[in-house]
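Hello,

Here is the structure I promised to pass on. My notes follow below it.

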Amino acid sequence: MAAPVSGGLLPEGGPVLVTGGSGQVATSLERLGGPRIRRVGRPQLDFDRPDSIAETFRSVAPVAVVNAAAWTAVDAAENEPEGAARANRDAPEILARLCAEAGIPLIHISTDYVFDGDKGAPYTEADPTSPTGVYGRTKAEGEQAALAANPRTVVLRTSWVYSATGKNFVRTMINAGEKNPVLRVVGDQQGSPTSADDLAEAVLRIVALIERDGWKPDYAGIFHASGTGETTWHGLAVAALERAAHHGRTMPDVQAIRTADWPTPARRPADSRLDCDKLHRVFGVRLPEWRTSLDRTVDRLLSPAAS
Ligand SMILES: NC(=O)C1=CN([C@@H]2O[C@H](COP(=O)(O)OP(=O)(O)OC[C@H]3O[C@@H](n4cnc5c(N)ncnc54)[C@H](OP(=O)(O)O)[C@@H]3O)[C@@H](O)[C@H]2O)C=CC1
Ligand SMILES: Cc1cn([C@H]2C[C@H](O)[C@@H](COP(=O)(O)OP(=O)(O)O[C@H]3O[C@@H](C)C(=O)[C@@H](O)[C@H]3O)O2)c(=O)[nH]c1=O
C-alpha cells in the first residue's frame, strides 16, 4: 500500500463519499480514513429524498463510495417496511447507478440478518439468503440491487457491530449494568461481534488495494467481513461487563435466557456465524479476534483519555 496521507489509512487521491451521519461505521471511517473522507448524512443526504442522493454525489464528485447508512432499527422496521425499503433497497440501487455512470467502485455494507440462522454452520457467500424480518429482507434486496446496478460493487456483510459511540448492544449492556444488579440476555443466539473500527479499517484497505492495483473482476460480489471467532449475545454481554469491571464498574449477575424468554417483533437468527475466508483470499483482509477489539473498545468508552 502506498504511504498513507498523514492522519489517515488511505494514500493520496480524490474524495471518498461515505454515507451516514452519526452512524457507527461512518464515524469510524471518517476517523480512520483521513482527509479524503467526505462523510455526508442527514439532512443533506436523506434516503427519504432520493434526489438528495444525486445532489450529494454531484457536489462531492467521489472517486469511490462507501454506503454505511441504513435503516438499522430491526424491530421498528417491522412496522415501517416502506421506510426500511427506501433506505436499505432503493438508496443502494441509486448510489450504485451513480457509481456505474461514473465508473467508480461502491463498497456497500450489509448484514448477517439476511440469513435465518438455521444452517447450523458458518454461512458462506454462496448460501442463499433467507431473511426472517423486514430489516434482513430489505438489506438482502439492497445487496442484489447494488450488485445489478454497478459492476464495481463490493458488498461487505458484517454482524453485531459495536463501537464506543452510537447505539449498540455493548453500550446498552454497560449502561444497563450500571443500573441493574441482574441482566437477562439470550444465550441461544450465536454470531460474531464486529468492531466498527475493524470494519472501517477493512473497508479502507480494500479501497486502497483497488486504487493501487486497479479494479479486478474478482472484487465484484459479496464478501463476509465479521470479527474473528464467535459467541452468544449473553457471551458478549458478559465479556463487555467483565472488561467494564476493570474500570471499576460493578459486575452484575448476567443470566442466560432463551430466545422465547425475550420476545421481539422481529425474529433474530439463532446462528448467524459468517465464514470470512473469501475476504482473506481475495483482499488479504481478516478482522481481529472479537474479544481483543471488544476490550479495546470498552477501554476507549470508559477511559477515553487513555486511548
Ligand atoms: N449495527 C449493527 O449491528 C450492524 C450493522 N450492519 C450494517 O452496517 C452498516 C452501518 O451500520 P451502523 O453504522 O452500525 O448503523 P447506525 O445505526 O449506527 O447508523 C446508521 C446510519 O444510517 C443513517 N440513516 C438511517 N436512515 C437514513 C436515511 N433514511 N437517510 C439517510 N441516512 C440514513 C443514520 O443517519 P443519522 O445519523 O442521521 O441517524 C446513521 O448515520 C449498515 O448498512 C448496517 O445495515 C451490519 C451488521 C450489523
Ligand atoms: C437489550 C437486550 C437484548 N437482548 C436480546 C435481543 C436480541 O435477541 C439480542 C440482540 O439485541 P439487539 O436487539 O440489541 O440487537 P439487534 O438490533 O438485533 O442487532 C442487530 O442489529 C442489526 C442492525 C444487524 O445487522 C445485526 O448484525 C445485529 O447486530 O439480544 C436480551 O436478551 N437482553 C437485553 O437486555
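In what order do the six strands of the open sheet lie? The order is β2-β1-β3-β4-β5-β10, with parallel pairing. Strands (E, at least two residues) and helices (H or I, at least four) are DSSP runs, numbered from the N terminus. Two strands pair if DSSP finds at least two bridges between them.

β2 (37–40) and β10 (221–224) stand at the edges; each has a single partner strand, so one side of each is left without a neighbour in the sheet. From one strand to the next, the twist averages 20°. Angles run from 0 to 180 degrees between N-to-C directions, with axes fitted to C-alpha atoms, for helices over the stretch in contact.

This is a predicted model: local features need pLDDT of at least 70, side-chain atom pairs count only at pLDDT 80 or more, and totals for chains, interfaces and linings use all residues. Residues are numbered from 1 along each chain as its sequence is written, while chains are lettered from A and ligands numbered from 1 in the order in which they are written.

Back to the sheet. Strands β3 (residues 64–67) and β4 (residues 106–111) run parallel, joined by three bridges. Val65 has Leu106 of β4 as its bridge partner.

Now ligand 2. Around it are 19 residues, of which Thr72, Thr111, Val186, Trp233 and Trp262 come nearest. A residue is near if its C-beta atom, placed from the backbone, lies within 6 Å. α5 (169–179) and β7 (182–186) are the elements that give two or more residues to this shell. β7 has the largest share, four residues.

Best wishes
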